[in-house]
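Dear colleague,

Please find below the structure that I am handing over to you. My notes on it follow.

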Amino acid sequence: MALMGARAYDVAFVGGGLAALLLLNELRGDLPERTVVVDPHPVPERPLIHWSYWSREPTLFDRFAVGAWRWARVSGVPPEPVAPFTLRLVRSTDVLAHAASLLEEAPVEWLHTAACSVSCRDDGLYEVGTDAGAIRARWVFDSVPEVPPVFPQRGPQAVVSGTGIRVVAGRPVFEPEVATLFDPLDERSFAYLLPTSPTEALLESARFDTEPQEEDPEPLLRYLEACYPEAGFSIGHVESGSIPLGFAPRRTSGPRHVLIGAKRGLVKPSAGYGVVRIARESKYLAHLWRRGQPLPPSWRAPGNWRLLDVGFLRLAGRDSRRPLALLDQTMRSVPLTRSLRFIDEDLPPRELAAIFRAALPTVFRRP
Ligand SMILES: Cc1cc2nc3c(=O)[nH]c(=O)nc-3n(C[C@H](O)[C@H](O)[C@H](O)COP(=O)(O)OP(=O)(O)OC[C@H]3O[C@@H](n4cnc5c(N)ncnc54)[C@H](O)[C@@H]3O)c2cc1C
């Protein structure tokens, strides 16, 4: 597709994934006449991935939940209630399809092409370079990590890679009320198991490293066979991917070039989770936009939490076995709700002490 001349818009979304669709929905009633989404992949063609998350308050994802858990365990430790949280699992395709359907009546144009640059022109408009030519816009909401300013910015960074399989067991073996959040698979990866019935579950692996890892369902199958010998499993769906971890650029090409989603810095660097934060931040950005207030270009964790994430990423950069050892040590030592609150950056300093005590031997161990 080639664009004839540079088209002008009020708002351009560079990348039309989760963050863009949620913000578009928040702004739905207030969108200016000319809004465009630049994304090479139409929503119905996006691959299915499962998103797990926890929250105390209801979220807009809850209605799509294919599983919900109020009990969870770390392997080898008895199950615990995770109140006040509920863990849930949703399918990305359900969330994105619904969000896209709500926009059908909105004045939104979709350009199925890749963007490569955003720059500020002398007349105050932004120019978005795409494979089909340039477009111009007054506002740019940007969620594409590779488009400058790239995400993560220079400094400590890592990648969490994972493979997930949806399995059906030949006989009832799973406890559908209890999620297993952490169980080491080997020195570098751990599994988490989200059972949706006595015979069905989603089993995922995760590994923190310096480079993305290849999809490999084999360790997950071996894990199932070891935990539930002779149950017999069939695989219904396989998914895999990697999430870049690090910190968001602090500056963009101008005050109306606003980073959103993972590129905004909303994925917790030491966990890889972000969908609840992305939803919350969409509401916040829409609120600022409606009030005509400036929109901060990116998001920054408060100082102390940022330092902890820096430490975690440095550890992952030095030796990919260390993040797993750290998680193993801390998740077994403190109640699960405290680990979840830690990832949510919602623990008072006195409750952090137990986590530090558990983590220090791993942090200072010689490689
Ligand atoms: C396998 C996997 C499992 C995950 N599991 C969880 C989980 O359990 N819980 C959780 O909280 N998070 C999870 N995540 C992370 C979660 O998916 C992301 O945090 C979230 O999707 C980020 O939203 P976003 O809008 O920033 O990016 P995305 O949703 O990735 O959207 C970016 C968009 O940009 C488009 N794009 C790419 N290149 C270009 C280009 N050059 N020009 C224009 N558009 C472009 C893409 O097509 C995409 O639509 C997982 C991610 C993966 C990959």
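In what order do the seven strands of the open sheet lie? The order is S6-S5-S13-S14-S15-S12-S16, and the pairing is mixed. Strands S6 (80–81) and S16 (233–245) stand at the edges with a single partner strand each, so one side of each has no neighbour in the sheet.

This is a predicted model, in which local features need pLDDT of at least 70 and side-chain atom pairs count only at pLDDT 80 or more, while totals for chains, interfaces and linings use all residues. Residues are numbered from 1 along each chain as its sequence is written. Helices (H or I, at least four residues) and strands (E, at least two) are DSSP runs, numbered from the N terminus; two strands pair if DSSP finds at least two bridges between them.

Within the sheet, S13 (residues 178–184) and S14 (residues 189–197) run antiparallel and are joined by three bridges. Thr 180 has Leu 193 in S14 as its bridge partner.

Helix H6 (residues 321–333) packs on the sheet, touching S5 (71–74), S13, S14 and S15. Contact requires C-beta atoms, placed from the backbone, within 7 Å. Axes are lines fitted to C-alpha atoms, for helices over the stretch in contact, and angles run from 0 to 180 degrees between N-to-C directions. Helix H5 (residues 303–318) lies across S12 (158–169), S15 (200–209) and S16, at about 85 degrees to S12.

H5 and H6 pack at about 130 degrees, with their axes 6 Å apart. Their contact is made by Phe 312, Leu 315, Ala 316 and Arg 318 of H5 with Arg 322, Pro 323 and Leu 326 of H6.

Yours sincerely

Definitions and conventions: Two residues are in contact if their C-beta atoms, placed from the backbone, lie within 7 Å.
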